[in-house]
Each structure stands twice: as C-alpha cells, then as structure tokens.
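Please examine the sequence and the structure shown below.

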Amino acid sequence: ETKHGGSKNGKKEGLSGSSFFTWFMVIALLGVWTSVAVVWFELVDYEEVLAKAKDFRYNLSEVLQGKLGIYDADGDGDFDVEDAKVLLGKYKHSQPTPNIYLLRFNIKIQNTPSHSEQHVITFKLVLHKTYQVDHMEHFLPKEKKSLKERSVPAQPTSPDSEETIQPADKSYVESELEEDIQSVLQEALHSQPVSYEYDMDVEKTVSDPEAPGDSDLMPEDAIEHYTGEALSVLDICKKPKHEKQTETQDTGIYVYMYAYIYVAPRLRKGEVEGDDERRRKEIEDEQKLNAKKKKKPKLLNKFDKTIKAELDAAEKLRKKGKVEEALRAFEVLVNQYPQSPRARYGKAQSEDDLAEKMRSNEMLQKAINTYDEVVSLPNVPSDLIKLSLKREADRQQFLGRMRGSLVTLQKLVQLFPSDTSFKNDLGVGYLLIGDNSNAKKVYEEVLSLAPNDGFAKVHYGFILKAENKIAESIPYLKEGLESGDPGTDDGRFYFHLGDALQRMGDKEAYKWYELGYQRGHFASVWQRSLYNVKGLKAQPWWTARETGYTELVKSLEKNWKLIRDEGLAVMDKRRSLFLPEDENLREKGDWSQFTLWQQGRKNENACKSVPKTCTLLERFPEATGCRRGQIKYSIMHPGTHVWPHTGPTNCRLRMHLGLVIPKEGCRIRCAQENRTWEEGKVLIFDDSFEHEVWQDAENYRLIFIVDVWHPELTAQQRRTLPAI
C-alpha cells in the first residue's frame, strides 16, 4: 500500500502533490525531526517538542492571505468574509438562511515501521449553528478557482484514501444535514492527498473528553472568531494516554484544527421561496445590524498595503504585550516610511500602551501628539482618521484636558458631519466642561437627524432634568434607556429617570430602580449611590458602637451647646454665611447650609466664625479627613420638603447632631424607617440609601452634619479614593 507523500521503501516522492495541510504540519511541528529513524527509535524528546510547539498559535489565515489577497474587494488589505460578500453580490432574501458548521480536524502525524510517513486527518462536527450571513453556495465565486485548485494540482485519489462515511446518529442528525456536509467536504477536500474519515456522530458542544484542549473554545467564541479567521490551529498534543495502541501503532502527534464550513440550505418540502415576508424582514434587519456591528475598519491606504507584512509583524508584537519592542518596530517603520499613516498610528498605540504600563503622563502626551500627526499625513483612510482623533480626544479627557478634547471632537464633527456618533461625543465634551447649553444644541441637532438615537435621547433628557424640566425629561430618558443603544445602559440615567418619576408622583420609579439594580448599577433598590466600594457593610441606620466612632459621638453630644451657640451667632450676623441648598433637592421651602469642611479641606474663613467648633473637630481625622464628605450646619425653615434622594457614595456615613429641634413636625426617612431628631443627640445613617425630609413645624430646625469614612474602609483606601 502506498500513501501520498511516501512509498514503501521510505523514500519521499510526489512532493508537489502533497496537500497544504500535510506540509504545513510536517514543516511546522516536525521540522528536522521527520527522519524515520529518529522518530522510530525515540531519539526525540516529544515532551520538549510539544512544549515548544504549544507556545505558538498558528493562524492559517495569515498564510493564506498572500494567495487570497487578489480577492480583496473592500480595500482593507486582506481577504475576508466581507470580500466574499462583495464578490458574490447582494443576498437574495427569498433564499433560506445558510448555516455555518464548525468542524474539528484531528491531524495525526505518525511514523510506522512500514511507512516513512502517514498523515491521517479526521474531522468531527463539533458545532452546528445557524448564522445570518449572505447567501453563498461556495466561499469563492464559481468563476474563480478555489485556493486549493490554484495552489495544489488535483491528483487522483487512491482507493486507500477514499472517503469513508461513518453511520450517522439518525436520532440526532437529519439525513439532509449529513448530505449537505458531505457535499461541501467533498468539494472542499477533493484535492487533499491524505486519508480522512468523516464522523457524523454530532455533539452540540465543543468539548470532547478525548481531546485535550478542546474546552478552550466555547460556542460563542467560535461564532465570534468566524468573522476574522478561516482556520486556526487551537491545540497540539500527544495521542491521549487512555487510548489503546496496537503493535502497529506508535506514539503519534495530534494537531487539532477548526474549520468553518458554509452550507447553503435547501428549501424543505412544501416551502415556497418568498412566502414568508415577516421572516424575510427579520433576516434583513438582523443582517443590517450585524453588518453595522462587525464591519471591519479600513486602515491601510495603497502604499500601506505594500508594506502590510512589516506592519503586521510590528502589530503582532504590540498585541502580544511586547510594548517596548512594538514601539521600536513602529519607530523604525515611521523613519523608513514617514508618509505611512498606519505605521504612525501603530507608533501612537504603542506609546499609549507604554504610558499605561509606565503610568506616565509624559508618555501619554507623546501618544496624543502622535495620534494628531496621523491625521496630518496624506492619503489617510477615513476609518484611520476616525480612530486616531477619537482616541486622541479620549486620552485628552483622561489627562483632564477637557477643552483640548473638545477641540479634537469639533474637528471630528467637521470632517464627518453626517456621523451622529461624533456629534454625540461632542455633546459629552460640552457636558464635561459644564456647558449644558451647547451640549443641548448638539443633541437637538442629532435628534433632528436621527430621531431614534437612544444615546442622544438619554443625554438630552438628562439636560432637561438639570434645567428642572422634570416632566419633559421623562420620555427622553425612558425611550433612550428602552432603545438599548450603546452608551445608554448607565446607572446615572436609571437614577435620574427614577428621580424624575418620583417627583411626578409616579410609582413606576421603583420599576426603573429595580431594573438598574438588576443590571448591576445599584447596590439595591434603596441604596442607589453610583461611586461605591464593593463589600462594605450596608444598612440604613447605624449606632455609634457599630461605627466604632464612639469618641467622636461622645464629643459632639457633650459639646452640643457650644456648637449650637456658635452656629446661632453666625445666623444672627447681618450678612449671613448660610447659603441656599443648590443641588435641586427641594420640592418647596427654605433650606440653607454653612460649610466648614468640604472634601477633606478646611474652609479657613468659615472656621474663623466658629473657632471652638473647628478646634473640637480637628481631633477626629475620620471626619475632617473624609474627602467624600462635608462638615456643615444645616437650617431648614417651616414648609420645606426635600425630595427622596440618595448621596453619591457608600464610602461615608452621615451624623446629624440636633441643635434646635421643634417639638413636632420634623422627621427624616431613610429607606423604609422614619426617625426624628433630639437636641444634643446624634442620629447616624448611610445617606447612600434613599432618604427624605419633612419640615412642617412652626419654627426653624438647626442641625450639625458630620460625614465620616465608612468604618470598613482601609487606611490605604481612605488615602487614595478620589474626592467627591
């Protein structure tokens, strides 16, 4: 018996007829160790060979691109599914949706006493998934020769290498599926000078207990990888030990490869083309969505396509995390090809990565400058301009250079006026510098162009609510969240929609709070702060003992009259230092505050008016050093109602010391429990829980508010948490 690629005496012959797969595996994995004698007498340390082989992830699509590049139809420098769609023409919606089958090829390379080489390929259907792609009966147009036809001349197949079909499991796989797969494989593999077996014992999982390493690929990953790769080698391993070996078998090397097979489904019996308009429209809509999501950006101009191999080599270093090497490689390319936009962009990305690794603002500024240089070069692809300027604006915002970022975003909008996503980003840029007026104009323009843009709706609703146009803001916030558009699933929008509904007396508010909680934006329906440290004890009301700050509480309660008298003296001054509450938390009434510490910083001028109180507090760093809190007097006059609201963070607890408390009419609710103040006594609650205040007494209410760090925060966290 003579196998392809070898003869009985062990001398190789017919090299030109060997399949691509055979030679790829022989060269890549065996190399100089293909000598029959070396293998047969076990002179090679297979474990060492395999360990080295596992360090590499061979991607056949990279090798194939050199041959498939002639089919590049969309100008991105390589051949992919998008090119196939262009070459094949528009999808005929009246046709049924094609299927994608993921098959695993088990490529065994072994040596036997009687044959110098024997390459056995088996394949198994490990994933059957319907996927919305353009209708294609073949991966390439019929008028074009396939890659295998172009690169390997077809050879007659010996009887020993004829395809053998294993009996299908009829309870699981329909005969039509089997016929489809067989026909595709017959065409795809007809030129392979190797033995192969087809196993139709289909499993709807991608893990095989007999295949080490298979579990690395999940079905979702398979579908995701489909858009970028045609074939990939996923694992290399020895023949599993638990499989019995006969005397004629030796220890072979198995290489598992996965391939996507595209099968155009046939109409079922009784099915008529175009008779299901609803299904046709669903397919069309889903395809449009997929095309929008998965369209590859075109980053190469004509010149960059000529140096694609060099660009890819440098980019590969960057993706592997070898940032310094990647930067050097791109710097060489920039020096060699100064007009290459892609090389300049790669340099900017490498500097960006290195800045993160070094935590260097100086390096990040270099990256920002290089991103800007990309745009100034000639013949820059529009997709590359977009990516460069968008990243530049993002990095400028990271450095706190909001106005510089705004200029970059304005440039993007000027270059691409029809792209509403850049207008949306520009609106955010205005919001970041507090320019709500210009942000509002931007979102009004977006909504005039794209009335269903969810991102614009939630931001426009947010601005309306900030203007206290509560009723007007609700439909924009609600419709924006319901759209599910990118950038809308944000806790702030659930927070403000619920708050707006509460102020309108609509109980639907808690439905949105519940949804925000389910999506991970809130710790609970009642605890809705947005700047949190996970794992901290959470309860609405606390005792002094639970906080561990008993000395502070004792000192406040012991000196409450001193604190009260200094506060009253400030109130009696002709020019009051009490300022009206400015966070739009009041439904009605009069509520003012006099602040001594803010974000851990002492207000020296304010403390001159209440020196004894400030001296007293300086003994307690848990309060004066709380950079996420305040220390202040609070006066509330009769007829005031404070809307239900929550504080911004769970990192603090709030103490209320009663100073002047009317006998009746004043109360506070935190979560679902109401309490009242007492003169000279401290109430402690977690203001990240929803709380609400009523002042229906006949006289004013004066309290002293002291925020303290949550007791479970570490010293390191207290030093490093950003101020709020």
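A residue is called buried when its relative accessible area is under 20%, exposed when that area is over 50%, and partly exposed in between. In this predicted model, buried residues make up 49% of the 724 residues in the protein chain. The chain contains 29 helices and 19 strands. Its accessible surface is about 36,800 Å², and carbon and sulfur atoms contribute 50% of that area. Of the contacts in the chain with a separation of 6 or more, 70% are between residues 24 or more positions apart.

We turn next to charged side chains. Side chains of opposite charge can pair when their charged atoms come close. The structure holds 34 salt bridges. One of them joins Asp-353 and Arg-318, with a distance of 2.9 Å from N to O. Asp-353 belongs to helix α13 (residues 341–358) and Arg-318 to helix α11 (residues 308–319), so this pair ties together parts that are 35 residues apart in sequence. Arg-318 is buried, at a relative accessible area of 16%, whereas Asp-353 is partly exposed, at 24%.

Asp-352 forms a salt bridge with Arg-391, and their closest N and O atoms are 2.7 Å apart. Because Asp-352 lies in helix α13 and Arg-391 in helix α15 (residues 382–398), the pair ties together parts that are 39 residues apart in sequence. Here Asp-352 is buried, with a relative accessible area of 3%, while Arg-391 is partly exposed, with 29%.

Another salt bridge links Lys-423 and Glu-445, whose closest N and O atoms are 4.0 Å apart. Lys-423 is in helix α17 (residues 420–432) and Glu-445 in helix α18 (residues 436–449), so the pair connects parts that are 22 residues apart in sequence. Lys-423 is buried, with a relative accessible area of 4%, and Glu-445 is partly exposed, at 39%. Salt bridges can also share partners: Glu-315, Arg-318, Arg-342 and Asp-353 are joined in this way into one network.

The side chain of Glu-566 does make a polar contact of 2.6 Å with the side chain of Thr-613. Apart from neighbours within four places in sequence, the residues in contact with Glu-566 are Val-610, Pro-611, Lys-612, Thr-613 and Tyr-633.

Conventions: Residues are numbered from 1 along each chain as its sequence is written. This is a predicted model: local features need pLDDT of at least 70, side-chain atom pairs count only at pLDDT 80 or more; totals for chains, interfaces and linings use all residues. Side-chain values use heavy atoms; hydrogens and water are left out. A polar contact is a pair of N or O atoms within 3.5 Å; within protein, one must be able to donate a hydrogen and the other to accept it, and residues adjacent in sequence count only if both atoms are side-chain atoms. Contact means heavy atoms within 4.5 Å. Helices (H or I, at least four residues) and strands (E, at least two) are DSSP runs, numbered from the N terminus. Buried means under 20% relative accessible area, exposed over 50%, partly exposed in between (1.4 Å probe, protein chains only). Accessible areas come from the Shrake-Rupley method with a 1.4 Å probe; for residues, only the protein chains shown count as cover. A salt bridge is a side-chain nitrogen of Lys or Arg within 4 Å of a carboxyl oxygen of Asp or Glu.
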